[in-house]
Amino acid sequence: MSKMDILEKIKGKLIVSCQALPDEPLHSSFIMARMAYAAMLGGAGGIRANSVEDITEIKKTVNLPIIGICKVDYEGCEVYITPTMKEVDDLVSCGVDIIAMDATDRPRPDGRSAEDFFLEAKAKYPEQLFMADCSCTEEGLKAAACGFDLVGTTMSGYTSYTKGTKLPNFEMMEKLVKETKVPVIAEGGIWCPEDLKRAMSTGVHAAVVGSVITRPMLITKRYVEAISMQQ
């Protein structure tokens, strides 16, 4: 698919994030592939997935556009979503449609800024679509200005300077839609259909929903906490 075809296929659609980290019960490429397949059957227009292994397995049964990331912890660095060129190379090698990377103001493992890192990646892979995972409007505007193909609200509330932000961050969505010309992806804290409908009403290109669909351990904890507060 061409870049425009990929963007058109996810326009106005729900993108389901199918991820499970090593310390989670569902950590398995096979299980994530089945999650993605179930999401596709349910009407999802795209998938967001972590790791080459999961993406490769998902692509065997799912023909939807995939936003791919590699979550890797580097000592002394807060950035963990596709933090270095190694992760970009790995994602390109498995043929992922869109590569998402942390585009916050925090330095990469090698000390470089998000802008410098992205420009190197874009120069190396000019035909690849890149999405900026941002935590505030200013980062989103900066990402759009430096050439990212998509801008997401993914990291809102997850950086030290946005901690405590109420999610979903509808205000950030609205401002980015109004002030940028690139597709905006709503992501973060969308826990019910009403949240999703409101997010889409801001004019975003698409929306990512993950935990409430694909993380049963976390969902169970929310229910348990709800009843424990009443006791």
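Thr-82 sits in the loop that joins β3 (66-69) to α4; helices (H or I, at least four residues) and strands (E, at least two) are DSSP runs, numbered from the N terminus. The model is a predicted one, in which local features need pLDDT of at least 70, side-chain atom pairs count only at pLDDT 80 or more, and totals for chains, interfaces and linings use all residues. Residues are numbered from 1 along each chain as its sequence is written, and side-chain values use heavy atoms, with hydrogens and water left out.

Most residues other than glycine have a negative phi, and most peptide bonds are trans. Thr-82, though not a glycine, has a positive phi of about 45 degrees. Its relative accessible area is 0%, so Thr-82 is buried (under 20% relative accessible area, with exposed over 50% and partly exposed in between; 1.4 Å probe, protein chains only). Ser-51 likewise has a positive phi, near 95 degrees, and is found in the loop between β2 (46-50) and α3 (52-58). With a relative accessible area of 16%, Ser-51 is buried. A cis peptide bond runs from Leu-167 to Pro-168, with omega near -5 degrees, and Pro-168 belongs to the loop between β6 (150-152) and α7 (170-179).

Another loop, between α4 (85-93) and β4 (98-102), holds Asp-97. Asp-97 counts as buried because its relative accessibility is 17%. Beyond its neighbours within four places in sequence, Asp-97 is in contact (heavy atoms within 4.5 Å) with Met-1, Ile-6, Leu-64, Pro-65, Ile-66, Gln-128 and Leu-129. A polar atom of the Asp-97 side chain lies 2.8 Å from the backbone nitrogen of Ile-66. Between Asp-97 and Leu-7, 90 residues apart in sequence, the C-alpha to C-alpha distance is 9.7 Å.

Attention now turns to the pockets. On a 1 Å grid over the protein atoms alone, a pocket is an open set of points where a 1.4 Å probe fits, with protein on both sides within 12 Å along at least five of seven lines, and lining residues have an atom within 4 Å of a point. The largest pocket has a volume of about 610 Å³, the space filled by probe spheres set on the points. Its lining comprises 27 residues, with Lys-71, Tyr-158, Glu-187, Ser-211 and Arg-215 nearest the centre. Two or more lining residues come from each of β8 (206-209), α9 (211-214) and α10 (216-228), and α9 gives the largest share, 3 residues. The second largest pocket holds about 200 Å³ of space and is lined by 13 residues, of which Leu-21, Pro-22, Asn-50, Lys-71 and Val-72 lie nearest its centre.

Key:
Polar contact = N/O pair within 3.5 Å; in protein donor to acceptor, adjacent residues only side chain to side chain.
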